[in-house]
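Work through the exercises below with the model open beside you. Try each task before you read its solution.

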Amino acid sequence: MSATTRRLTTAQALVRFLSAQYTERDGVRRRLIAGTWGIFGHGNVAGLGQALVEYRDTMPYHQGRNEQSMVHAAVGHARQLNRLSAQAVTTSIGPGSTNMVTGAALATINRLPVLLLPGDYFASRAADPLLQQLEHPVEADVSVNDTLRPVSRYFDRITRPEALIPSALNAMRVLADPAETGAVTLALPQDVQAEAYDWPEEFFAERVWTVRRPAPDPVELDAAVAAVRAARRPLIVAGGGVHHSEAEDALRTLVDATGIPVASTQAGKGSLRHDHPADLGGIGHTGTAVSDALARDADVVIGVGTRYTDFTTASGTLFRNPDVTFVNLNITGFDAHKLAARPLVCDARTGLERLTEALAGYRVDAAYEAEYGEGKERWDAVVEAALRAEDDTAVPTQTQVLGALDAVVGDDDVVINAAGSLPGDLHKLWRARSPRQYHLEYGYSCMGYEIPASLGVQQAAPGIPVWALVGDGTYLMMPTEIVTAVQEGLPVNVVLVQNHGYASIGGLSEETGGERYGTAYRHRAADGSFTGAPLPVDLAANAASLGMDVLRAKTVRELRAALAEARASDRPTCVYVETDPTPTAPPAEAWWDVPVAEVATREPARQARERYDAQVAGRRRHL
């Protein structure tokens, strides 16, 4: 071996390389790959497994229980750190690899970085067919890892050791690029993992990836400024890009100078503190009355870091002003051009700063400020009524659970949710006090995300209380990382809300003619319907069996006490509460398109179709 090379296996070289990668933005440097989650099998135990032992002093290893969960944990970590740090996830060949597909899709849809390192078949085909190998009759180079291609922002199969060098560099480039990031997959044939090669020492040198803050093009900026200056009823829609760019202060400066109100997507909530005069809360199907009312009449909508999903646009029915125009400030041209907008392709913070400078002297009319201020005041009263419990000896409703948590959390606590009926209640009602407090994964709305994501968030923010809010349906999807929380000593809090079924989908089923069929956790009745008694399942006992401390609360008073005890604990703790199913959340202020059967024999479905036809008539394409 010469002085300029180092003989290592491919897996050893990869782990050593990853340990020397950093990001830097605004003078702050972080490890790009802060650690590796893994479950070992024959596809990675002798390669990456051995390499992680070899370099355990420089690459932290975290043992998971489910491959999808490990990806969720890594995503939670990346989001908490504003995409400036990521984690890797390694799995065996076969089911370990395909179990990661859901997590990879979640990461890519939400534009969050995660590095996936699945094992693969032998590149040499020495053992063929391999245990768990997919044999394709006409495409011999296909493996189950190819299912990760459409959900990855970068994919490569490393069939020779030397091929790792350009591929690893490309992987880091994509992970660190705010316009390109998402899931990155390097599929690693198990024989190549163990193969030795003379690696150039430069490959292991410390490398810093600058996270860029591109400025807006002057021509695009002039067009955007002209549109805003002509507006009488402008509205800002704050998306997740505000948080990723750490642009909250820049947004507040713009709003304070111009008086333009702000509505937020699920990912953007908390861009302004809830008690800021211009913060109107959520927008769209799960938005507030004041946000959606202003959106209907807005003449200029300024989207900042938003993807404009169907929930945000109310499936194309929300922005009704016939003359409405859009100005989209986004790091990606793909998102900036949506809704036929005037694009500002740039970093959110840089773009907002330039926009503020260029809008000097502009301010909305005092009457408009008074209008949305009065609307905000009315909505605040609605929120207070939904969260408040008049009788603290009663069984709490779901919104009262949120009220009890609101009374306990500190400004920097992190509240995590992803699926079920809770996202809608949270978007309407949660009073976010800091940029990172509200953590909703609603790009993929993946059941099972909350508990594993809480682990990644807790790793990224040690000492800060982290709350995973889960319904019984979500809990049953993926509770196993509770064991990991116990093993890793991560004092996450799980608030387990038991309402005996899929409450959100039950309501949607009823609205669309499905009559709540198959949405409750109950015994089958004689007619085949799920209308019998609730199942005798004790989820609190299950959480305890996995190692959590469990606190059971039957009343609002007991719930408040349990939440306070959980927050003070230094152990993983579950607060279990059965809720009163009486609806107490405000109804939806805007529509969401879920197509209804065009023909049916049952009356509920026919009535649902009539309602659907009336709503869909209001859809509009912005061209």
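Predicted model: local features only at pLDDT ≥ 70, side-chain atom pairs only at ≥ 80, totals over all residues.

**Exercise 1. An open sheet with E14 and E17**

Task: Give the strand order of the open sheet that has E14 and E17 in it, and find its edges.

Solution. 
- Step 1. Read the order. The six strands run E14-E13-E12-E15-E16-E17, with parallel pairing.
- Step 2. Find the edges. Strand E14 (279–282) and strand E17 (342–345) each have a single partner strand, so one side of each is left without a neighbour in the sheet.
- Step 3. From one strand to the next it averages 20°.
- Step 4. Check the pairing at E14. Strand E13 (residues 262–264) is joined to E14 by two bridges. Val262 has Asp279 as its bridge partner there.
- Step 5. Follow Leu329 in E16. Five bridges join E15 to E16, and Val304 is paired with Leu329. Four bridges join E16 to E17, where Leu329 stands opposite Leu344.
- Step 6. Look at cover. Five of the six residues of E16 are buried. Helix H8 (residues 218–229) lies across E15, E16 and E17, at about 130° to E17.

**Exercise 2. An open sheet with E19 and E22**

Solution. 
- Step 1. Write the order: E19-E18-E20-E21-E23-E22, an open sheet of six strands with parallel pairing.
- Step 2. Pick the edges. These are strand E19 (438–440) and strand E22 (549–553); each has a single partner strand, so one side of each lacks a neighbour in the sheet.
- Step 3. Note the twist, which averages 20° from one strand to the next.
- Step 4. Inspect E22. Its pairing with strand E23 (residues 573–578) is parallel and spans five bridges. Arg552 stands opposite Tyr576 in E23.
- Step 5. Place the helix. H23 (residues 556–568) lies across E20, E21, E22 and E23. The angle between H23 and E22 is about 160°.

**Exercise 3. Pro178 and its surroundings**

Task: Is Pro178 buried or exposed, and what does Pro178 contact?

Solution. 
- Step 1. Locate the residue. Pro178 sits in the loop between helix H6 (164–176) and strand E9 (183–189).
- Step 2. Apply the cut-off. Buried means under 20% relative accessible area. Pro178 has 14%, so Pro178 counts as buried.
- Step 3. List the contacts. Neighbours within four places in sequence are left aside; Arg83, Val211, Arg212 and Ile331 then touch Pro178.
- Step 4. Take up Arg212. Arg212 forms a salt bridge with Asp177, with the closest N and O atoms 3.0 Å apart. The two are 35 residues apart: Arg212 is in the loop between E11 and H8, Asp177 in the loop between H6 and E9.
- Step 5. Arg212 is partly exposed at 47%, whereas Asp177 is buried at 11%.

**Exercise 4. Two further salt bridges**

Task: What parts of the chain do the pairs Glu206–Arg29 and Arg433–Asp411 link?

Solution. 
- Step 1. Side chains of opposite charge can pair when their charged atoms come close.
- Step 2. Take Glu206 and Arg29. They meet in a salt bridge of 2.9 Å, N to O. Glu206 is in the loop between strand E10 (196–200) and strand E11 (207–210), while Arg29 is in strand E3 (residues 28–31), 177 residues apart.
- Step 3. Check their exposure. Glu206 is exposed at 52%; Arg29 is partly exposed at 43%.
- Step 4. Take Arg433 and Asp411. Their closest N and O atoms are 3.7 Å apart. Arg433 lies in the loop between helix H17 (422–429) and E19, and Asp411 in the loop between helix H16 (398–408) and strand E18 (414–417), so the pair ties together parts that are 22 residues apart in sequence.
- Step 5. Arg433 is buried at 17%, but Asp411 is partly exposed at 37%.
- Step 6. Widen the view. Arg433 and Asp411 belong to a network of salt bridges that also links Arg273, Asp275, Glu384, Asp406 and Arg431.

**Exercise 5. A covered helix and a surface patch**

Task: How many residues of helix H18 are buried, and which residues form a nonpolar patch with Tyr502?

Solution. 
- Step 1. Count in H18 (residues 450–460). Of its 11 residues, 11 are buried, including Glu450 and Gln458.
- Step 2. Turn to the surface. Met477 and Ile505 form the patch with Tyr502, with about 270 Å² of accessible area together.

Conventions. Residues numbered from 1 in each chain as written. Heavy atoms only, no water. Patch = residues over 30% accessible without salt bridge, like charges linked within 9 Å, V, L, I, M, F, W, Y side chains within 5 Å. Areas by Shrake-Rupley, 256 points an atom, 1.4 Å probe, with all protein chains shown as cover. Salt bridge = Lys/Arg side-chain N within 4 Å of Asp/Glu carboxyl O. Pairing = 2+ DSSP bridges. Axes fitted to C-alpha atoms, helices over the stretch in contact; angles between N-to-C directions. Contact = heavy atoms within 4.5 Å. Buried < 20%, exposed > 50% of the residue type's maximum accessible area, 1.4 Å probe, protein only.
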